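Please work through each task before reading its solution.

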Amino acid sequence: MPLLQTFGSDSSYAYGFNHIALSGTNFISYSGFSSYSYQNSFTSIAIDTSNNLVIVTGGANPSSSNEYGSFYVFTNAGVLNSQTYYADSAYSLYANYPGTIIKNGSNYVVLDQYFGSTSQENAGLIVYNSSGVFQSGKYAGPPAGTSQDFIDPRAIIQDGSGNFIVGGGYEQYNGGCCPFFYGYPYFTVFNSSYSVTSQYYITNAPQNSYPTTLAIKGNLYGFAPANNILFTITNTSTGAGNFRSYSGTSISPYIQWTLADSNYIYGTGRDSTYADYAIATQFNSSYSVQWTTYVLISNSFPQQNSSVLDSSSNIYSVYYDPRTGATASVTATIVKINSSGTLQWVRNLDFTAFTGATNLYISISDIKVDNVGNYYICGKIYYYLSGHFYYKALLCSFPTDGSKTGTYVDGSATFKYSSISATQVSKTLSFGSSTNNSITTVSRNGSISANSLSATATNNVVNF
Amino acid sequence: MSFLKLSTMQYPLFEGDVRLEHPEITECQTGDTFPCPEGFVKIKYVEPPTIDSNLNQYLIEEFPQQIDGVWTQVFSVGTRTAEEIATIQSAIKMAQEQNNKFMPKPQVQNTSGSGSAPNVVA
């Protein structure tokens, strides 16, 4: 029997989670009605070391005073322990990309697109404790240019020294038109005390080549899918390094997620021509590609948001079909590839909404694995019914071995988790030379000091 | 590598799917060393046909066929309607917009002063 958890009464929040318990601790959970979309879009998951908590953040909408970023704490069985809402005049909690929450000791650090007052948008780090209580915050604005410049922080990773490295885009206002902004790849390094220690942008890479994710194996690596580029930063303090192109034969790859274990670097993504391929590749620090796996999922039009490695270096990648369905179901697809590049399984999660609903949509943002054989996905679903759009945050847990397939019904909503037709196709991926592609950076002029977010925030915590 | 389960004609199955029924197969057994348990057959891969890159066509993997006694992959090419192509193009645009930025860029603000702390939603 589904367990219905209900709390709160304000329709601007995600509330009233419907919980479909599978056997064991696995589950499918989705929030109740909300007229606002963004806090009902789970963005990013972190898991604590004992697998007791799954932490999920939402985002806030800077164009509306009625939307709030939220910090959720779930058990690994999907029971909501607490939810904390944050908003201010600058709408500070705006975590809008997957993989942007990091566990740091007993706290959690969220990469935030902070709408501060020294510039329009900044790279901000917001620190919460494990209950979602605000601890501190720092942000760093654009490194140069005008007050209309802004930062589009996409990715964050913590290095072995405790520094937080942020990658993304620096959009510099050029005063002209069409476009008004020039986009540079951008990095900022915060130390373990959350002070900014370096900040630079890359001037000789193609425009808008923003690294979308980061990984560390000795060097810092980051794929920028917009122009098929891989950045390698050999010195994160100065930005020294190189960038190189990547390409495939017959099918052009679009690699947007960067991973690493102790031996290899990995990239995952899709094909760039919407030819229905999920892609993963493994390469070493000499850019020698060990394997590339293309998985054809026919007529699926896969969009990727996130990938993760487990302790055995199996890769789990989550895709979704962004086509909205009229009254049909909508689909997310999860692909598992092992460390040798062999496809292990493909699973679809199909969602069919309530009778009469139209314009169904599903978007899966993040995927994470715990150390006891489960993976978690989060995102959102929405549909139109009886004159209203319904936005629902979604959080699911399934076993990493691909088991527990089946059809799960909750009222008139149906989730189907099943094996689908797919095939591993032999294709290749290769990297170009970095000749003449040494990175040229411009560091921030003068001293760098992150502005503090010295909040005295209490919060709105609902405990159970 | 894909498999066909003969008793149910279930296809496609991959290593992980087979391992669910045969947990004695270790994680180290993979690729060429992955065994083919009784009741399953390995499917011979073939190169998929080339399709155009303008969304007009898509590949369909059909049920495998026995060719000269070997279970072999079979592909066909599907054709999308103009309506389907328009739906995909709309989805591409929306996905690109979401990927580029989740929110529309806000209006230019007064940029003087220092950062402010998040307030509390009571």
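Contact means heavy atoms within 4.5 Å. This is a predicted model, in which local features need pLDDT of at least 70 and side-chain atom pairs count only at pLDDT 80 or more, while totals for chains, interfaces and linings use all residues. Residues are numbered from 1 along each chain as its sequence is written, chains are lettered from A and ligands numbered from 1 in the order in which they are written, and side-chain values use heavy atoms, with hydrogens and water left out.

**Exercise 1.** Determine where Thr342(A) lies and which residues Thr342(A) touches.

*Solution.* Begin with the strands, which are DSSP runs (E, at least two residues) numbered from the N terminus. Thr342(A) is in the loop that separates β26 (330-337) from β27 (343-352) in chain A. Leaving aside residues up to four places away in sequence, its contacts in chain A are Lys336(A), Ile337(A) and Gln424(A), and those in chain B are Glu15(B), Thr30(B) and Gly31(B). Its relative accessibility is 9%, so Thr342(A) counts as buried (under 20% relative accessible area, 1.4 Å probe, protein chains only).

**Exercise 2.** Classify the ring pair Tyr361(A) and Tyr382(A).

*Solution.* Rings of Phe, Tyr and Trp (its six-membered ring) pair if their centres lie within 6.5 Å, and planes under 30 degrees apart count as stacked. Over all chains, the whole structure holds 34 aromatic pairs. For Tyr361(A) and Tyr382(A), the centres are 5.0 Å apart and the planes meet at 25°, so this pair is stacked. Tyr361(A) belongs to strand β28 (residues 358-369) and Tyr382(A) to strand β29 (residues 374-385), both of chain A, so the pair ties together parts 21 residues apart in sequence. Both tyrosines, Tyr361(A) and Tyr382(A), are buried.

Key. Helices (H or I, at least four residues) and strands (E, at least two) are DSSP runs, numbered from the N terminus. Buried means under 20% relative accessible area, exposed over 50%, partly exposed in between (1.4 Å probe, protein chains only). Rings of Phe, Tyr and Trp (its six-membered ring) pair if their centres lie within 6.5 Å; planes under 30 degrees apart count as stacked, over 60 as edge-to-face and the rest as tilted.
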